[in-house]
2 protein chains.
Amino acid sequence: MSSTFFYNGPVLTMDGECKVIDCGWLEVEGGKVAGFGEYIQGQTQIPAASEGVDLEGNLLMPGLINAHTHAAMTILRGFSDDLPLMDWLGEIFKVEKNLTSDWVRTGTELACIEMIKSGTIAASDMYIFEDAAMDAFDRSGMRAVCGEGMFDFPSPSLSDVESMFAEVERLAEKWKNHSRVKLALMPHATYTCSPDLLIRAGEVAEKYGMMFHTHISETENEVHMVKDKYGKNPLMHLDNLGLVNERLMGAHMVWLDDNDIALAAQKGVKMLHCPESNMKLASGFAPVAKLLAAGVCVALGTDGTASNNNLDMFTEMDYAAKIHKGYMLDATVTSDRDVLKMATVNGAKALGIDKITGSLAVGKSADLIVVDFSAPHLVPVYDYISHLVYSVSGSDVKHTMVEGKWLMKGRKVLTLDEKKVISDINEIAKEARKFHKNSVSN
Amino acid sequence: MSSTFFYNGPVLTMDGECKVIDCGWLEVEGGKVAGFGEYIQGQTQIPAASEGVDLEGNLLMPGLINAHTHAAMTILRGFSDDLPLMDWLGEIFKVEKNLTSDWVRTGTELACIEMIKSGTIAASDMYIFEDAAMDAFDRSGMRAVCGEGMFDFPSPSLSDVESMFAEVERLAEKWKNHSRVKLALMPHATYTCSPDLLIRAGEVAEKYGMMFHTHISETENEVHMVKDKYGKNPLMHLDNLGLVNERLMGAHMVWLDDNDIALAAQKGVKMLHCPESNMKLASGFAPVAKLLAAGVCVALGTDGTASNNNLDMFTEMDYAAKIHKGYMLDATVTSDRDVLKMATVNGAKALGIDKITGSLAVGKSADLIVVDFSAPHLVPVYDYISHLVYSVSGSDVKHTMVEGKWLMKGRKVLTLDEKKVISDINEIAKEARKFHKNSVSN
């Protein structure tokens, strides 16, 4: 594999503290970070066999990690907004019940293009027809930790619980040797999955050493439902089933009490914070400052585009840093540093891939992005971290690389055919639009 | 003046309801909107003398209006973050006390470039050395309603209250015939301006028919201070002074009670909502849903870049639409339609320029933007308004036009020299950096 040598610009490795080397170099060899350091013009040698990338006016950093999404829901972007959760789900399901494997593949391709273009190198994806989604992630060059959504009732892809477990076993076998695309167990939630389903999913996760990703306490109503049924709130109910451990990725975790937070910290639960979705769907404010103070690993996700409505992790960082300050009336909570960690090192921990990625340490995978700092909205610079969280948007990302391979160079996505995917999505939308009352006609 | 004919794409006029003509045309002549309608290929005539602009893949709409900013604070972008308000102000003031007219001019130029590039055609700007800011707005081609900040104490530009009023009179004379750049009275706030200063500013506003723009109830602490001093909260105190009327532009208005809201509605106060700043500075949640329900004209602003940290009104719309849903646990409040009005027609009303701009009605100024809808994060389209609020970012704006003149075409700003301004700002930042402890060295 070829080598790439980045030089002459700020380098943020996220290896340890959020320290930026003001003028640095970083070498990629065999898909891995081979070294980095301070670049001194005239002294630092650029290896002859390397592709040299001058970072002047740009910043090099680890690519971002989207810890909770439903990628294929790009086909439902803006399909329904500003409705109470149950009405909104009703609108969305009008299309979802007609989903096909091809739609999921194409929707996920669009999501991958959008994520690559906004600096995301890995995602944890929960949806249906997930084999097709995994195929799209594979071809995109991104990393992904994926799972077929599991429910007590039939999903649009699978007719019953037995078929769901059979599919998980099939996918586990099919994807077991993939370096980037991995399987996880993804039972939907405690209010849609019986204790039996959840326990069995936990056993499969244990058997294969996989993560266990589920929605936890997203809304107050969910907590009431689960308490009514099982006498405990969702996290305590999962604990009762023996499922609260380091494998547990809990999406949302908005309505937690202090016991939940203590338990999450003690058992090493990964909290997947989705601030934009929590605002848009009126779910509420997750106790992020308390979770961080308790030492919980908080990662960051966009959720699906039907409740966001984009996959830009830079905007998501901006939300994560700001809304808790407003809600708690304390400008010191969820600092820019805290939030940048959520989107990088903590994301990798949450997905169970932190030995491989999440920071640019020597020997780790070269999963990185180059952000263009020459735009007027990023001038002047007193503090790169502040800009990354509060000023940059996804469109400022110039290059994206995973395992040393360019996924995007100079804003051009190299792994998927952007024009064709957009054209395919527009064809799908013609079908989906039949279920949308007030849609534009194009 | 030449004429421009836009055709063959969606046209959103904001004239009346938020209706999009799916495939429309709009003609600009003599700087004004000459007409618009449905475009039918082969039937609609493109005037021979016009510059034709094919809208395929794009959307034409009114430019956005930033109703509250401190434009020159771009020089302090990211200078200080994540601190309690008073500590933050202390850091910011280390630089502000050294401000010069040239710094304000250059800082405002950068702000104008950023605003033009993110689709903003008008701003209401409160700062010091405002003559220099007005000069920058003038040369940028944008609209602006500007004011010199007034205080009981010396400002970095003026030594006392008499000098401040003398400066206002001078500026009123100097700018009285400008079609785009207008003066307003801008006493800072009820906690920094005596009743005498406020009353006198009100008289000057009345004399010249100008708007009266001030900060109102931004923080809980401010309300306590004003109540302690005057026995009334800020809005009631202003009402007591005879200053609550249709000229009043109230920035922030976070800590209002029901009587304030009723008074604001009854007297035609313009509320300038700054959601990102309110979150970042931990000020709190303005009662926007209640204000809208009461019929108050709510406009939208970014505040300065030191508390945001950018001037992107598209992201600001996203915040305004989402955070109140999360805070009120009600997904139906602050709809995408409500918010788009805040950033267009309501902005124009708030600035007192709604007879001229804010929507694309025949005879109004051709103050418009073209948004590129071909990017992957804007596909597919079921509802253009949803995308404008929840998915578009400022970098999707392709062209910006004011009074029929191109300020930006194909992402290139035509009125100011982007490279030179960025270079000048970087020189200023070298000076400002002396007051910043942990800054990068470049």
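Predicted model: local features only at pLDDT ≥ 70, side-chain atom pairs only at ≥ 80, totals over all residues.
Chain A holds 15 helices and 18 strands, and chain B is superposed on chain A by a rotation of 180 degrees with 0.0 Å of shift along its axis.

**Chain A as a whole**

- The C-alpha trace of chain A spans about 70 × 50 × 45 Å along its principal axes, and 66% of its 442 residues count as buried.
- The radius of gyration of chain A is 21 Å, which agrees with the value near 22 Å that a compact globule of 442 residues would have.
- Among the contacts in chain A with a separation of 6 or more, 71% are accounted for by residues 24 or more positions apart.

**Relation of the two chains**

- The superposition of chain B on chain A, by a rotation of 180 degrees with 0.0 Å of shift along the axis, has an RMSD of 0.0 Å, and that is the relation of a two-fold axis.
- The same surface serves both copies, in that 100% of the contact residues of chain B recur in chain A.
- Of the residues of chain B, Ser395(B) comes closest to the rotation axis, with its C-alpha at 3.5 Å.

**Helices α2(B) and α3(B)**

- Helix α2 (residues 101–117) of chain B and helix α3 (residues 130–140) of chain B have axes that come within 8 Å and cross at roughly 35 degrees, and the crossing of α2(B) and α3(B) is right-handed.
- On the side of α2(B), the residues that meet α3(B) include Val104(B), Thr108(B), Cys112(B) and Met115(B), while those of α3(B) that meet α2(B) include Ala133(B), Ala136(B), Phe137(B) and Ser140(B).
- By class, the contact of α2(B) with α3(B) has eight nonpolar, three polar and four charged residues.

**Asp318(B)**

- Asp318(B) has its place in helix α11 (residues 313–328) of chain B, and its relative accessible area of 4% makes Asp318(B) a buried residue, because buried means under 20% relative accessible area.
- Leaving aside residues up to four places away in sequence, Asp318(B) touches Glu276(A), Asn308(A) and Tyr319(A), together with Val389(B) and Tyr390(B).
- Asp318(B) and Pro187(B) lie 131 residues apart in sequence, and their C-alpha atoms are 30 Å apart in space.

Key. Residues numbered from 1 in each chain as written. Chains lettered and ligands numbered in written order. Heavy atoms only, no water. Axes fitted to C-alpha atoms, helices over the stretch in contact; angles between N-to-C directions. Helix = DSSP H or I, 4+ residues; strand = E, 2+ residues; numbered from the N terminus. Left-handed = near helix turned anticlockwise from the far one by under 90°. Contact = heavy atoms within 4.5 Å. Nonpolar A, V, L, I, M, F, W, Y, C, P; charged D, E, K, R; others polar. Least-squares fit on C-alpha atoms with pLDDT ≥ 70 in both. Rg over C-alpha atoms; globule rule 2.2 N^0.38 Å. Buried < 20%, exposed > 50% of the residue type's maximum accessible area, 1.4 Å probe, protein only.
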